[in-house]
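Hi there,

Here is the structure I promised to pass on to you. Have a look at it first, and then read on for what was found in it.

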Amino acid sequence: MKFETQSGTKYWFDNILGISFPLNTSLEILLTSNDVTDSLEKEAADHQRDAVFNSRFMKKIEKARQYAHQYPKEQITPEHLKRQILREGLLQLTLSVTENCNLACRYCCYSDEYPNTRTPSHKMMNFETARTAIDYYASLLEEGKRFNPQRRPSVGFYGGEPLLNFQLIKQCVSYFKETYPEIDALFTMTTNGTLLDREKCEFLMAHDFSIAISLDGPEAEHNRNRVYHDGSGTFADVIKNIRPIMDAGYKNCHAICVFDWKSDLFALQEFFNRAEVPRISFISLPNPNDGCTFYQRFSREDYEKFLKTEAKAFQSYNHQIRHSAGVDSFFDQIFGLQAGRILYSVPALIDGTSFMIPYTFTCLPGRKIYVDVDGNYHICERINHTFPICNIRTGLDFARIAKIVEDYRSHLDLCPSCKVQKLCNICYCDFAGTGEFIPSSKICKNSNHDLIKGLERAFTIAENNPSLPETVAQGYYTWLSTISTTMGD
Amino acid sequence: MYFRLNPECYLILGEHSSVIYDLIEGDVHSLNEYETQLIRNCENNVELTTNEPLLDEMKERCIGNYYTTKVFIEKLRLGSPILDYQPGQPPFIEKAFLEINNTCKLSCGFCGSRHIRRSSGCLGCNTWQEEGTPLEEEQWKEVIDGLSDLHCDSVYFTGGDLTLKWELLQQLLEYAQKKFSQTFVSINSRRFSAEVADYLEGKALPIIQVDNPAHIGTDHQFLLVTDEREEFLKQIRSSKNLTIDRLVRDASELSPDSRLISKSKIQKTNLFRFTHMKKKHPCLANSLTVSWRGEVLPCPMLRRYSLGSVKEQPLYELLRKNSEGFDKFWGMCLEKIPRCTACEFRYACNDCRALEESLTGDLNGKALCRYDVSNGIWV
């Protein structure tokens, strides 16, 4: 797959090797030709000096491609799957302690914009359900110790807005620490921040919670989408509420930022560079899949204006990094980290993130266990609830999980021929329909375009500052490992 | 005009000189001080102002190429350098030595019990002057289960004379079937009968220890224990099924061209080996030994460094509770050995910490090397 940087340099992304290398005209001919022998002969005639290099280089590339790991084609058995989960999974138990929320964020995955997901309700998880889930998780950790004695588990609280069920959270933390003192679990929470009072802040800090605050930027940006039910903005309350945490110098508080096609990226850059604002752990546009209708509110002009702003932001960043590299800035998160991911976290020569799922950036179910208010288990908090992996009464159903994985694999029809397969960063939630996965041939058209654009930008950045992508990626993932056990996924 | 090394070619700097590792062809190219500075500048995208014959030669050999603009060269790699080393990853044991017994009726002059230094003693059989009670069959089976759960790749059954515990070995080999990628059995040639060979067929690969080159065959893996000089060894080194286990009294007695200390110790490179050696020791990484009395050691020849006992706790608990102890060996790499830190050959070099420790008294010591890092020459 060919791409070009802003300097006009052409590169070739080799999907088997998982890396890119510079192209000259004649090498391009060799790589795109079906008959390499004829091309080599033509090469020799046209460009003698480059011909020797190119033909040797191509032979080397072919040799290197032999190292590529081949994924197994056999069926996944429940026994095998269970062993893999006990070994590599169980990194987080997430309890959805309520389906209720005091906000009505416009891009919420539980809003009307996502018809495949559940709708908000007043349901609350009770302690019996939470305790059963915790006990089962602890029993799996005990069973899994012999496979992975160095695993650090985590227990997360989610919603709706989890602080609406703060009593349950306190009960769970207390129960866990008293009943399983030998398990050094990390506690995590994703909150909208509007209900954080001094008592809650002190509790969370006392128990070393990793606190993810949803914060979309300065007031105008944040309040455009993150609103109470009456439509009023939440920014002032969130900033006031997190101040005690920031003033205490608490390191485990971080921001999750969602931006959209009307976002002023330069305003976000200025805001998130302020010292009193939590560091960003995750930033994205709202998920466009899973039946999403959120983007219908934007016009073509909005989208094109956004693309121009984004391009301008990239130019500005590109110019900055020629002379320095700041690793905490907003633009580092958007552009620098993307470059770092492409250049340093893509698994080269190895299929996918798990040999059981060779394509896409999908984890094995069981890596996380998400429990809804009724005690049903799901793959994670992002996928809709039509793919349960069982419930608190029966525990994980490994036969069902094996079926889900096989079913998922069978819907990846485009992936074997995809030329940017190694760069893929989408997962189950992007393919989830209602109880059935959508084939990748229907999902991936825009993703491929974005991945190629990502390559162009990554190499443009790297040409200007070769060490920046690795520095940003290394710094980010090292920091992330202190606040999350699941690499932030 | 700019010049850059290819993606598969890594420039590794020494104190003044350097080496280019070609991870596909396997070659290791030495550069002197001037050449090092030239290539360093090239790798930093410094524009060329003069013609350099070395660069033309490198292009001819497909080690690097010229470019009209500044390019970014993404290096060939294996896996993800960021994701593969995150905390909490499940451990992976590359190899485990299981010392089934500590008894032998032979009286080999090079046995571990005589404190003889050997370059590959781990692959042979040894007895040790140690007190204790041997592990029972059920305890060994728990060890085998534990290794399998921890994703151990290869297992080496060793002793003592394993034929003195033949029934136990048979039970354990049957039990270990299909649990590991490779299973080896170390056995002295005097004990390697036709019956033993027949039994092991399909179950384990024998490593036959000999002290006479005349006994080296072609149908198995052999370990020749010898103190012969390099000129003699060169004649027989071509056998692919042969490992030389050199007896070493003192580093100074070794001939200058000995493979233990000369440039010959620098091996061909490849993507796997290079990736491994950037972060790990060529031998100690993710390896362990369970001794005849249940002690867990980093290596069969490093007897002083106990990491715990499987009589007290299962292997996984030892890993969990003594992760620092294991990391001391599993986190070792040549880059951390003081004499190797500034050596450009550190990712292609052979190294036996047990032998070095025995010669120098220091786990991080280095006696077996004739490379003068400061001057970039082999003395």
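**Where the two chains meet**

Together, chain B and chain A bury about 4,500 Å², with 59% of that on carbon and sulfur atoms. Buried area here is the accessible area (1.4 Å probe) that two parts lose on being put together, summed over both. It is a handy number to know, as the size of an interface is often given as the accessible area lost when the parts come together.

Before going further, please keep in mind that this is a predicted model, in which local features need pLDDT of at least 70, side-chain atom pairs count only at pLDDT 80 or more, and totals for chains, interfaces and linings use all residues. Residues are numbered from 1 along each chain as its sequence is written, chains are lettered from A and ligands numbered from 1 in the order in which they are written, and side-chain values use heavy atoms, leaving out hydrogens and water.

Back to the interface: 53 residues of chain B and 48 residues of chain A take part in the contact, where contact means heavy atoms within 4.5 Å. Seven salt bridges are counted between chain B and chain A; a salt bridge is a side-chain nitrogen of Lys or Arg within 4 Å of a carboxyl oxygen of Asp or Glu. One example pairs the side chains of B:Asp149 and A:Arg83, at 3.4 Å from N to O. On the chain B side that touches chain A, the elements giving two or more residues are helix 2 (53-60), strand 5 (64-67), helix 3 (137-149), helix 7 (271-279) and helix 8 (315-321) of chain B. Helices (H or I, at least four residues) and strands (E, at least two) are DSSP runs, numbered from the N terminus. Sorted by class, that side of chain B has 24 nonpolar, 14 polar and 15 charged residues. In this sorting, Ala, Val, Leu, Ile, Met, Phe, Trp, Tyr, Cys and Pro count as nonpolar, Asp, Glu, Lys and Arg as charged, and the others, Gly among them, as polar.

Which residue forms a salt bridge with A:Lys60? The partner is B:Glu8, and the closest N and O atoms are 2.6 Å apart. A:Lys60 sits in helix 3 (residues 48-65) of chain A, while B:Glu8 is in the loop between strand 1 (2-5) and strand 2 (9-13) of chain B, so the pair joins two chains. Over all chains, the whole structure has 48 salt bridges.

**Inside each chain**

Chain A is divided into domain 1 (2-70) and domain 2 (75-489), with bounds that come from an automatic or database domain assignment. The C-alpha centres of these two domains of chain A lie 38 Å apart. Their contact takes 18 residues from domain 1 of chain A and 21 residues from domain 2 of chain A. About 1,500 Å² is buried between them, and carbon and sulfur atoms give 57% of this.

Chain B is split into domain 1 (2-67) and domain 2 (95-252 + 279-334). The centres of those two domains of chain B, taken over C-alpha atoms, are 41 Å apart.

**Two backbone details**

Most residues other than glycine have a negative phi, and most peptide bonds are trans. Now look at the peptide bond from A:Gly159 to A:Gly160, which is cis, with omega near 25°. In chain B, B:Asn45 has a positive phi of about 60° although it is not a glycine.

**How confident is the predictor?**

The model scores ipTM 0.90 and pTM 0.91. The pLDDT is the predictor's confidence in each residue, from 0 to 100. Chain B has a mean pLDDT of 93, with 99% of its residues at 70 or more. For chain A the mean is 89, and 92% of its residues reach 70 or more.

Enjoy exploring!
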